[in-house]
Amino acid sequence: LMKDAYSFDLDAAGARRSYNKMFVSYLRTYARMGLKAIPMRADTGPIGGDLSHEFVILAETGESAVACHKNLVDTDWAGRDIDFEGDLQPIVDGFTALYAATDEERDEAKEAALGDDLLVARGIEVGHIFNFGTKYSKPMGAVVTTADGGEVAVEMGSYGIGVSRLVGAIIEACHDDAGIVWPESVAPFQVGLINLKVDGGECSAACDALYARLKGAGVEVLYDDRDLRAGGKFADMDLIGLPWQVIVGPRGLKSGQVEVKNRRTGDREEVPLDSLVARFAG
């Protein structure tokens, strides 16, 4: 499944502006998913044109070898304000000035010059954008009448995100030995609620109430109320990889506390039962 978009412009300058908008939009889209996608100059292949970039997530199980300047991995786009009606060329140039290439576009001389700044890894392609000019519009007669009565073939571009492969790519890029570590922005649930004593008593009542309150506050919760040992529940919840785990047990309830675990860092803390919902609903 692909998310496809196309652009049609009257001249090459307009086509480049459209290309730059999509280039920056893709960077922000992947950053909001908690991913570091690196734009890499790529072969245009049979689609044609003279400008193309793949967006690649680094992962040990990647489908192909890629190489880039190591500074590209450290760039964070999640919180940047971008004026999409302004000139985006400096932003694009800031990325493309640093070496980054897919396997078929790698340059041995440039890589040798980078020395310790070169990063060679495996990557998963999650998006691809193209500017192919008038390759298709001219033979198809896709022309537009201009203000002076003339005709011009439209300048075209295409842009695709591999939606169906994104889930697998996220898991490959975001996991540890215990299982998946979902970025919070794309996790199937925000919180995993674990009941350590499923007997219909105090723990079950507290968990049932917490589940209802969290759901009522708009928090997505996966509730583990299976009658299993604690170790099995912990292992399963780590494997699923939700960003937060809320652990409710008899010992903590005696002091009005529940345990909250951050799946990514492993940090744990005791949180008052009465303030738990506000912790996640804010």
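The side chains of Arg 263 and Asp 176 form a salt bridge, with N and O 2.8 Å apart. The model is predicted. Arg 263 sits in the loop between β15 and β16, while Asp 176 belongs to strand β10 (residues 175-176), so the pair ties together parts that are 87 residues apart in sequence. The two partners can be set side by side. Arg 263 is buried, at a relative accessible area of 5%. Asp 176 is partly exposed, at 31%.

Arg 263 also forms a salt bridge with Asp 238, where the closest N and O atoms are 3.8 Å apart. Asp 238 lies in helix α7, so this pair connects the β15-β16 loop to a part 25 residues away in sequence. Here both Arg 263 and Asp 238 are buried. Side chains of opposite charge can pair when their charged atoms come close. The whole structure holds 12 salt bridges. One of them joins Glu 259 to Arg 268, at 3.1 Å from N to O. Arg 268 is partly exposed, with a relative accessible area of 44%.

Next comes the sheet. Five strands form an open sheet, ordered β13-β12-β14-β15-β16, with mixed pairing. Its edge strands are β13 (221-224) and β16 (268-272), each pairing on one side only. From one strand to the next, the twist averages 25°. Within the sheet, β12 (residues 191-195) and β14 (residues 244-248) run parallel and share five bridges. Gly 192 stands opposite Gln 245 in β14.

Two helices go with this sheet. Helix α6 (residues 202-216) packs on the sheet and touches β12, β13, β14 and β15 (257-262). Its direction makes about 165° with that of β12. Helix α7 (residues 230-240) lies across β12, β13, β14 and β15. It runs at about 170° to β12.

Arg 279 has its own ring contacts. It lies over the face of Trp 244, 5.3 Å from the ring centre. It also lies over the face of Phe 280, 5.8 Å from the ring centre.

Elsewhere, strand β2 (residues 37-41) pairs with β3 (residues 51-58). Five bridges join β2 and β3, which run antiparallel. Met 40 stands opposite Glu 54 in β3. Four of the five residues of β2 are buried, so the strand is largely enclosed by the rest of the structure.

The structure holds eight aromatic pairs. In one of them, the rings of Phe 23 and Phe 95 have centres 6.3 Å apart and planes at 65°. Why does this pair count as edge-to-face? Its planes are at 65°, and the edge-to-face class needs an angle over 60 degrees. Phe 23 lies in helix α1 (residues 12-32) and Phe 95 in helix α2 (residues 89-96), so the contact ties together parts that are 72 residues apart in sequence. Both Phe 23 and Phe 95 are buried.

Tyr 26 and Tyr 30 form another edge-to-face pair, 6.1 Å centre to centre with 90° between the planes. Both lie in α1, four residues apart, about one turn of the helix. Tyr 26 and Tyr 30 are also buried. Ring pairs link Phe 23, Tyr 26, Tyr 30, Phe 55 and Phe 95 into a cluster.

Key:
Residues numbered from 1 in each chain as written. Predicted model: local features only at pLDDT ≥ 70, side-chain atom pairs only at ≥ 80, totals over all residues. Heavy atoms only, no water. Phe/Tyr/Trp six-rings, centres within 6.5 Å; stacked < 30°, edge-to-face > 60°. Buried < 20%, exposed > 50% of the residue type's maximum accessible area, 1.4 Å probe, protein only. Lys NZ or Arg CZ within 6 Å of the ring centre and 35° of its normal. Pairing = 2+ DSSP bridges. Axes fitted to C-alpha atoms, helices over the stretch in contact; angles between N-to-C directions. Contact = heavy atoms within 4.5 Å. Salt bridge = Lys/Arg side-chain N within 4 Å of Asp/Glu carboxyl O.
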